[in-house]
Number of protein chains: 2
Amino acid sequence: MRKIGIQEIEDIALGAALLGAGGGGDPYIGKLVAISAVQACGPVTLLDPEEVPDDALLVPIAMMGAPTVLMEKATGGDEYRVLYETVSAFFGRPVFAFMPMEAGGVNSMLPIAAAARLGLPLVDCDGMGRAFPELQMVTFTIGGASATPMALVDEKGNSTIFRTVTNKWTEELARAVTMACGGSVSISLYPMDGKMMKSYGVHGIITRSETLGSAIRRVKEAADQTPEEAFLSITGGFRLFRGKIGDVRREVRGGFNFGKVVLEGIGEYRGKTGAVEFQNENLTASVEGELLATTPDLICLVDTETFIPVPTDALKYGKRVMVVGLPCFPLWRTPEGLALVGPRYFGVDTDYIPLEERCKGGRANV
Amino acid sequence: MRKIGIQEIEDIALGAALLGAGGGGDPYIGKLVAISAVQACGPVTLLDPEEVPDDALLVPIAMMGAPTVLMEKATGGDEYRVLYETVSAFFGRPVFAFMPMEAGGVNSMLPIAAAARLGLPLVDCDGMGRAFPELQMVTFTIGGASATPMALVDEKGNSTIFRTVTNKWTEELARAVTMACGGSVSISLYPMDGKMMKSYGVHGIITRSETLGSAIRRVKEAADQTPEEAFLSITGGFRLFRGKIGDVRREVRGGFNFGKVVLEGIGEYRGKTGAVEFQNENLTASVEGELLATTPDLICLVDTETFIPVPTDALKYGKRVMVVGLPCFPLWRTPEGLALVGPRYFGVDTDYIPLEERCKGGRANV
């Protein structure tokens, strides 16, 4: 158990942007929401998963809809109370703690804001260990958890609870209400007990985000390493490519951002071409047409000078980036995990081969 | 307390079609749903309002969306159980009885089906005493009741509960989910206690529908009256006009059926022109441009031979109809009632004058 204050939020936001693997939305807006909640209500108590009783009611908090809309709509500050009361009333007992659903962008920040506003603890655990685009893509699905009862509230005070026969229907109905509410709402889904969280969750994800963020901020302070060496060493990442953005193709289909960024090699990669394909999050990284990493491993683009993560919506011609691969949470590498988030689910016609194996043989510098 | 079986359903459907005042949808589909539920599960117990305890949890049942879609989608038979369980779980106590929200069409029938399927009693009371097009147009609104928590289920087993800050938002969100679910769903709204039902509801509305239906069926059996005299006497109706349909104009705007039917007088009305304007339900009746009846009084068109009600969607050129006015439930004539369902709410630029007063001076034959 420890406290999350404003400096911790800054670091968590930066680290979560890396774990967003290109997606999750800009954490900046979320960071403002979390900081203003902590300023108003005081720091948040962060619980280690093992500190949570097996029968405690835990409620992941996230937003649904467009983060850009979140910026334009007022942040009521009251949504989380309505969410808390709706869920507590539905289950007939109080929510014990909030938790994040994913690491990355806005959704790493809003659970902190919710915990601060309600004076509830936050559990250091999520269901992805990164960001993914669809709501069934959580480790708890492997554990047999249902996304519903899911609660949805807007900044006006309207609330909705869904129970659906499949998580696909959850997505359909919640999306319809999100649009009717103006395009951005606060949600809680996969309500679960402490046992499910401990058995299937990604433990320590908030602390990991914070550690990564803090280290990225101090990457140039390393005495005996280049900043890049320091970055790769603290992240445990594999350098896959370094290049200048030569082309970015984007397409919006079915509510997702699809696209591909083409990189012209720089430094030791001069003369080579790299490419990263994405669907909200980065899906594949290749050099000269050869795959070096695929989902569910994390493929992250970072600025070559500052090592600040570059999300897919900030990709611009001429920007110099390093492509880094990070191994995913081990549960994603099981057959059940790969069925949910493996390359074939996303339409990439290849078997999943762990990043570490693909990068054997000197193609990547560790 | 008495039982509702198949013959009662036939009569209720016929009477409710009259009380639908042109709207409410074709009761035929609803009748099939109710009859098949009673065939499968036995007759329904109908409770007099006074037999319901003040603190009993009562749940009005209705459908939302297009009745034509209801015909095309399977009638699961399981929706009402899901609705019952959803509402009972939400309130933390079992639903005591179902009730209808409106008299007219499909929504007079589905509560019977729900009560049969669940083995729950049905209360002989609704919130309109006729049909109206919008969900806040219930007497319980005058009593300060909220439409929410509102439950919505589809035939697949998906369920949603809404709590909204206004009934306008209930409409918005429920409409969005209804569309996402395929255009036709079962709903419960205005959950209330026995006290609210007794204080503001339209008592005995199911019995009234049944009495009207039974009498319409036997209108030609009267010994000392013409069928028309018998019809007017049993309904307490005012004959406003009799004519042949010369023109029907229809327009669909904002999900409502707007329109006007023009009638060429027959019999003693020969040479005169009558007109009925509608928004789902009939709003005004006039002869030679002079208003004879307006909402919230009931304006009904019936076949001149059979006295079977003719809903707005069955209006056809050449059909001979009688226009009949029926006085509305007294609460609708209060300032609060007229604010909800008076002519000005529907954009008709006239004060409300009760049907009986407009028809003084020999314009109508009683």
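The model is predicted: local features need pLDDT of at least 70, side-chain atom pairs count only at pLDDT 80 or more, and totals for chains, interfaces and linings use all residues. Residues are numbered from 1 along each chain as its sequence is written, chains are lettered from A in the order in which they are written, and side-chain values use heavy atoms, without hydrogens and water.

**Exercise 1.** Describe the side of chain B that touches chain A, by residues and elements.

Solution. 
- Count contacts (heavy atoms within 4.5 Å). Chain B gives 18 residues and chain A gives 17.
- Of the interface residues of chain B, 94% are also interface residues in chain A, so the copies meet through the same surface.
- Assign elements from DSSP runs (helices H or I, at least four residues; strands E, at least two). Strand E8 (159-163) and helix H7 (167-180) of chain B each give two or more residues. H7(B) supplies the largest share, 6 residues.
- Check strand pairing (at least two DSSP bridges). E8 of chain A and E8(B) pair in the antiparallel sense over 5 bridges. A:Ile161 stands opposite B:Ile161.
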